[in-house]
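Load the structure and follow along.

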Amino acid sequence: MLFAMATRLLALTLLALTLAGGGAGAQTLDPASREALDVVLRMLQDPALRGGAIASSPDAAAADGQLRGLTGNDPALMQQIYDLAGVIFEELARGSGGDANAMTQALTRGQNDPAAFASMLSPRTLERLRALSIKLSDQPRP
């Protein structure tokens, strides 16, 4: 379940990178990079902003639909997933030095090897991923 969850979060993070237009943060963020990162994080945290982004992208709508199925359409769980995707996106942005190409490559590699991608995450984020994975595995399925 953890790898399935990681794969879905990778897809969301890739979506966030796409919506950000490649301008993400670095370890020391310049104002433009910080603002671009903040825009993505606000979109992931705010259901109204996220809804607009999802409506404008078939890929985003497909990823969101998969997550709705995974959560049983539970809004609180959906928000937890999107919040965690934001944390992962921020870690990826900082870890790549804000290089959009490096971020995209890491996400592409992660889709083929979620364990390798997970090894790039902080212990705290991995624990959040594990806890959310357990919570999702306990969800009743239709």
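## H5 against H6

In this predicted model, helix H5 (residues 75-95) packs on helix H6 (residues 100-112) at an angle of about 125°, and their axes are 9 Å apart. The crossing of H5 past H6 is right-handed.

Who does the touching here? On the H5 side you'll find Phe89, Leu92 and Ala93, and they meet Met103, Ala106 and Leu107 in H6. Sorted by class, that contact has six nonpolar residues, with no polar and no charged ones.

## H4 against H5

Next up is the pairing of H4 with H5. Their axes come within 9 Å and cross at roughly 130°, so H4 is oblique to H5. H4 passes H5 in a right-handed crossing.

From H4, the contact uses Asp64, Leu67, Arg68 and Thr71, while H5 brings in Leu77, Met78, Ile81 and Tyr82. By class, the contact of H4 with H5 counts five nonpolar residues, one polar and two charged.

## The loop at Asn73

Asn73 sits in the loop between helix H4 (58-71) and H5. As background, most residues other than glycine have a negative phi.

How open is this spot? With 43% relative accessibility, Asn73 counts as partly exposed, because that class lies between the buried limit of 20% and the exposed limit of 50%.

## H5 against H8

Now look at H5 and H8. The axes of these two helices come within 11 Å and cross at roughly 155°, so H5 runs roughly antiparallel to H8, a label that applies to angles over 145 degrees. The crossing of H5 and H8 is left-handed.

The H5 residues in this contact are Leu77, Gln80, Ile81, Asp83, Leu84, Val87, Ile88 and Glu91. Across from them, H8 puts in Thr125, Arg128, Leu129, Leu132, Lys135 and Leu136. The class tally for the contact of H5 with H8 is eight nonpolar, two polar and four charged residues.

## Zooming in on Thr125

Thr125 belongs to helix H8 (residues 123-137). Is Thr125 buried or exposed? Its relative accessibility is 3%, so Thr125 counts as buried; the limit for buried is under 20%.

Leaving out residues up to four places away in sequence, Thr125 touches Leu84, Val87, Ile88 and Glu91. With Glu91 there is also a polar contact of 2.3 Å between the side chains.

## A last stop at Ala53

Ala53 lies in helix H3 (residues 47-55). The relative accessible area of Ala53 is 12%, so this residue is buried. Where does Met43 fall relative to Ala53? Met43 and Ala53 are ten residues apart along the chain, and 7.9 Å separates their C-alpha atoms.

How values were computed. Residues are numbered from 1 along each chain as its sequence is written. This is a predicted model: local features need pLDDT of at least 70, side-chain atom pairs count only at pLDDT 80 or more; totals for chains, interfaces and linings use all residues. Side-chain values use heavy atoms; hydrogens and water are left out. Helices (H or I, at least four residues) and strands (E, at least two) are DSSP runs, numbered from the N terminus. Buried means under 20% relative accessible area, exposed over 50%, partly exposed in between (1.4 Å probe, protein chains only). A polar contact is a pair of N or O atoms within 3.5 Å; within protein, one must be able to donate a hydrogen and the other to accept it, and residues adjacent in sequence count only if both atoms are side-chain atoms. Contact means heavy atoms within 4.5 Å. Axes are lines fitted to C-alpha atoms, for helices over the stretch in contact, and angles run from 0 to 180 degrees between N-to-C directions. A crossing is left-handed if the near helix is turned anticlockwise from the far one by less than a right angle, and right-handed if clockwise. Ala, Val, Leu, Ile, Met, Phe, Trp, Tyr, Cys and Pro count as nonpolar, Asp, Glu, Lys and Arg as charged, and the others, Gly among them, as polar. Angles under 35 degrees count as roughly parallel, over 145 as roughly antiparallel, 65 to 115 as roughly perpendicular and the rest as oblique.
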